[in-house]
Amino acid sequence: MSGKAAFGQRPASPVALVTGASGGLGRELALALDAAGCRVAVHYNSARQAAEEVAGKLAGDHVLVTGDVADYAQVTAMYERITEALGPVDVLVNNGAVRKDALMAMQDPAQWRQVIDTNLVGSFHTARVCVPAMLRARWGRVVNIVSPSALIATAGQTAYAASKAGLIGLTRTLAAECGRRGVTVNALSPGFMITGMTDTLPEHVVAGMRDKVPVPRFVTPQEVARSIGLFLDQDCMTGQVISIDSGASIT
């Protein structure tokens with residue numbers, strides 16, 4: 001029997017959880033997964049109205065869920081809500097993140113820890129509750145949203161960079177643990193986008209970032225979200241970081 005034959009089949013309507021689905025990229029990822037035939041769990045932490053607006057645009061079955069991903073008990077409760085409404089999660093997109101920029105010598109340690117707890121520990125929490133059912137089904141997808149900041153030094157981003165670099169390490173190691181049971185784990189690294197997380201940056205900072213990349217424009221959330229189909233379709237792509245970043249990762 002080949003390794004392929006030992007894998008499970010992709011469900012006709014996979015259940016997909018998108019964390020941070022109330023934000024700019026999260027919204028587009030939820031819409032793209034809905035268009036791909038997934039039943040989508042739209043997660044938010046505090047932005048309920050924005051999440052409701054996203055859910056209102058989905059054509060397929062969906063559920064709205066809330067919780068702080070940094071809190072394992074809340075993530076467990078959220079997963080139970082999803083399974084009751086839609087079934088076990090087949091596709092996990094760890095998109096929820098925060099950014100608290102400051103020079104490390106002057107940064108509040110509580111802020112630094114908040115970034116790590118949300119971006120890195122939170123992704124562990126969601127994977128921890130979702131992956132066991134994927135392994136039993138012998139089919140599943142985990143997509144972790146990372147950043148060029150994981151590879152390129154930017155003053156003031158020690159917390160954010162550390163969280164995203166750690167998430168790349170988690171991605172590759174979890175891929176090694178899950179591949180034999182048909183579960184792929186990859187990372188998607190968007191370039192600079194004007195979203196709720198970045199739209200307060202000074203114009204001179206924005207212009208400087210735009211002018212440094214080989215393709216001198218920012219990517220859009222819609223462009224990044226279109227790549228989600230690749231992760232769904234590819235059985236043999238795992239442990240990879242796919243960059244859609246105007247070339248930022250090669251500069």
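**View A. Cysteines C130 and C178 in the predicted model.** The sulfur of C130 lies 12 Å from the closest cysteine sulfur, that of C178, which is too far for a bond. C178 is likewise in no disulfide, and the structure holds 0 disulfides (a disulfide being a pair of cysteine sulfur atoms within 2.5 Å). C130 is buried, with a relative accessible area of 0%, and C178 is buried at 3% (buried, under 20% relative accessible area; exposed, over 50%; partly exposed, in between; 1.4 Å probe, protein chains only). The model is predicted: local features need pLDDT of at least 70 and side-chain atom pairs count only at pLDDT 80 or more, whereas totals for chains, interfaces and linings use all residues. Residues are numbered from 1 along each chain as its sequence is written, and side-chain values use heavy atoms, with hydrogens and water left out.

**View B. The buried side of helix 4.** V75, M78, Y79 and I82 are buried in helix 4 (helices, H or I, at least four residues, and strands, E, at least two, are DSSP runs numbered from the N terminus). They cover an arc of only 100° around the axis, and therefore lie on the same side of helix 4 (the arc is that of the directions from the helix axis to the C-beta atoms). The buried residues of helix 4 pack against strand 1 (15–18), strand 2 (39–44), strand 3 (62–66) and helix 5 (109–137) (contact, heavy atoms within 4.5 Å). Exposed residues A73 and E84 are carried on the face turned away from the buried side.

**View C. The ends of helix 4.** At the N-terminal end, D71 caps helix 4, with a side-chain oxygen 3.0 Å from the backbone nitrogen of A73 (a polar contact is a pair of N or O atoms within 3.5 Å; within protein, one must be able to donate a hydrogen and the other to accept it, and residues adjacent in sequence count only if both atoms are side-chain atoms). G87, with a positive phi near 115°, follows helix 4.
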